[in-house]
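Hi,

Here is the structure I promised to pass along. Have a look, and my notes follow below.

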Amino acid sequence: MKRKYLSLGLALVMALTLCACGGGAVNGTSTGKEDGKLASGTWQQQETGDTDLLGYSAQDLTGPIPEDWTLPSDFKTGDKVRVEVSGDKILYGDIVDGGYLNGFTVAQYADGNLTTVYEFKKGVVRSWQQFFSPDGSKLAVAWAPSTDSTEWSITLVDLTTSGESTLKLPDMTFTYTQTDEETGESKEVTEAPTFLLLKWQDDKNLVVTASLAEYDSSKQPQTWVYTLP
């Protein structure tokens, strides 16, 4: 039976005020040269792709901000601001049309003040992804140059140094046979993933699933684990 991630996306919109969009180039994931000290890890593809795509979404998009924090008066909150807190660090950014962040900031909180430790400005990021590693020392960011692009990249950030690492991704494109319902003619199609979803398995391992907007047994999601060096 064909499974449709677009339907899951609608469920996410209803449950978490999310929106999933896709489409764009067929070139697929960015596979350029790795860069940065966290980029020399290893990839391992899992035997079956993860079809529990809802498990990649954050459960709370607006915090929670600790009750004993007194944030600056100009700090914006509400449904249009993505907030994630880990220890004394807070990630925040404005949610734009389509549920994206067009960049975000990570700051350290102390005594009512926020000190910026990192800013992401490379491209657009889906607001509902999870960012911080479990111990709060790193970020994982799946991003594309624009909302209609499938030229995916993954950036890892070491928050102790603010150093960025761009991963060299394995080939995550999908090749399958497509049959024209009117003519009955078949052709081979190669398609880039519409979605690239991240979640931390633990502080050392990052789970990455690539999925098309629609998938069935012939083009199921691909799941990989990236083990940090």
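How much space lies in the largest cavity? About 100 Å³, taking a cavity as a set of points on a 1 Å grid over the protein atoms alone where a 1.4 Å probe fits but cannot get out, and volume as the space filled by probe spheres set on the points. Before you dig in: this is a predicted model, where local features need pLDDT of at least 70, side-chain atom pairs count only at pLDDT 80 or more, and totals for chains, interfaces and linings use all residues. Numbering runs from 1 along each chain as its sequence is written, and side-chain values use heavy atoms, with hydrogens and water left out.

Back to that cavity: 14 residues line it (an atom within 4 Å of a point), and V125, R126, A142, W152 and L196 lie nearest its centre. Strands β8 (125-126) and β14 each give two or more residues to the lining (strands are DSSP E runs of at least two residues, numbered from the N terminus).

L196 also turns up among the residues with the most contacts inside the largest nonpolar core, which has 24 residues. By core I mean buried (under 20% relative accessible area, 1.4 Å probe, protein chains only) Ala, Val, Leu, Ile, Met, Phe, Trp, Tyr and Cys residues joined through side-chain atoms within 4.5 Å. A second, separate core of 16 residues includes L91 and I95.

One more: T223, in β17, counts as buried because its relative accessibility is 5%. Its side chain makes a polar contact (N or O atoms within 3.5 Å, one able to donate a hydrogen and the other to accept it; sequence-adjacent residues count only if both atoms are side-chain atoms) with the side chain of T209, at 2.7 Å.

Cheers

Conventions. Buried < 20%, exposed > 50% of the residue type's maximum accessible area, 1.4 Å probe, protein only. Helix = DSSP H or I, 4+ residues; strand = E, 2+ residues; numbered from the N terminus. 1 Å grid on protein atoms, 1.4 Å probe; cavity = no way out; pocket = protein on both sides within 12 Å on 5 of 7 lines; lining within 4 Å.
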